[in-house]
Amino acid sequence: MTALIETIGHGAITELRLARAPVNALDPDLCRTLAAAVTTAVDAGAQGLVLSGGEKVFSAGLDVPHLMSLQSREALGAAWTGFLDAARTLAASKVPVAAAITGHSPAGGCVLALCCDYRVMAEGPFRIGLNETQVGLVAPDGIQHLMRRVVGTHRAERLLVGGELVESARAYEIGLVDELAAPGEVVARARAWLEALLALPRRPVLHTRAIARADLLAALAPERIDIDTFVDAWNDPDTQAGLRALVARLGK
């Protein structure tokens, strides 16, 4: 079976590349594998991580056709919990994580990127954002906080309510990503940022980082996500109509 995560060593830095063809849709297996890969890399001594994806799609977000196929409330809740566990594992990483956003990054892909310390995105017509409302979903408060902490409260409101996906240049302008790079240089730039950070005194950096990211971990606490409410809303007519329309577009 093809590996869902490719692990690539760069000295003190380990790159974890999402590798679920064709668009790195986040199903439970990929989410579990990602969470395990982060833990394994850190336990093996990695001092920094790069999270990368496909050349044109970093991650297309959660695997909606898979979610639509689930027959029980318990299975749906478990799938969403698995995704959130992967996001929490990234956010709680003991070492810095740079996202190499190599292409489009909607919804769940954006969430993963927001859980990283630094975001480098490919220049060009690639889009990123939390577009949940466009497909009939409501981003929980904790997920909305991830957006607010990088672009500010009012701008986050506008992006979230409209479910807007912005192109890379706009994402950089509003602070959603930290740096732009040519498509072939995204991973290298993410590594360069980590290498500069690793050149600083290690303990002060890690301690300062832990303090600065405490709100991120708090936002991803179960009470800020409320999986039960999310699952309850899954069968709402507006939600189901939006999801069916999305699946139809994906099938074309």
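**Close-ups of a predicted model**

**View 1. D85, a partly exposed residue in helix α3.** D85 has a relative accessible area of 37%, so it counts as partly exposed (buried is under 20%, exposed over 50%, partly exposed in between, with a 1.4 Å probe and protein chains only). D85 sits in helix α3, residues 73–91; helices here are DSSP runs of H or I with at least four residues, strands are E runs of at least two, and both are numbered from the N terminus.

A quick note on the model: it is predicted, so local features need pLDDT of at least 70 and side-chain atom pairs count only at pLDDT 80 or more, while totals for chains, interfaces and linings use all residues. Residues are numbered from 1 along each chain as its sequence is written, and side-chain values use heavy atoms, leaving out hydrogens and water.

**View 2. The open sheet of six strands.** Its order is β1-β2-β3-β4-β6-β9, and the pairing is mixed; two strands pair if DSSP finds at least two bridges between them. At the edges are β1 (5–10) and β9 (179–181), each pairing on one side only. From one strand to the next, the twist averages 20°.

**View 3. Strands β4 and β6, side by side.** Strand β4 (residues 97–101) and strand β6 (residues 118–122) run parallel, joined by four bridges. Across from I101 you'll find M121 in β6.

**View 4. Two helices on the sheet.** Helix α1 (residues 28–43) packs on the sheet and touches β1, β2 (13–18) and β3 (48–52), its direction making about 175° with that of β2. Helix α8 (residues 186–198) packs there too, touching β1, β2, β3, β4, β6 and β9, at about 165° to the direction of β4. Contact means heavy atoms within 4.5 Å; axes are lines fitted to C-alpha atoms, for helices over the stretch in contact, and angles run from 0 to 180 degrees between N-to-C directions.

**View 5. Aromatic pairs.** There are two of them, counting rings of Phe, Tyr and Trp (its six-membered ring) with centres within 6.5 Å; planes under 30 degrees apart are stacked, over 60 edge-to-face, the rest tilted. Y118 and W193 are stacked, because their centres lie 4.4 Å apart and their planes make 5°. This pair links strand β6 to helix α8, 75 residues apart.
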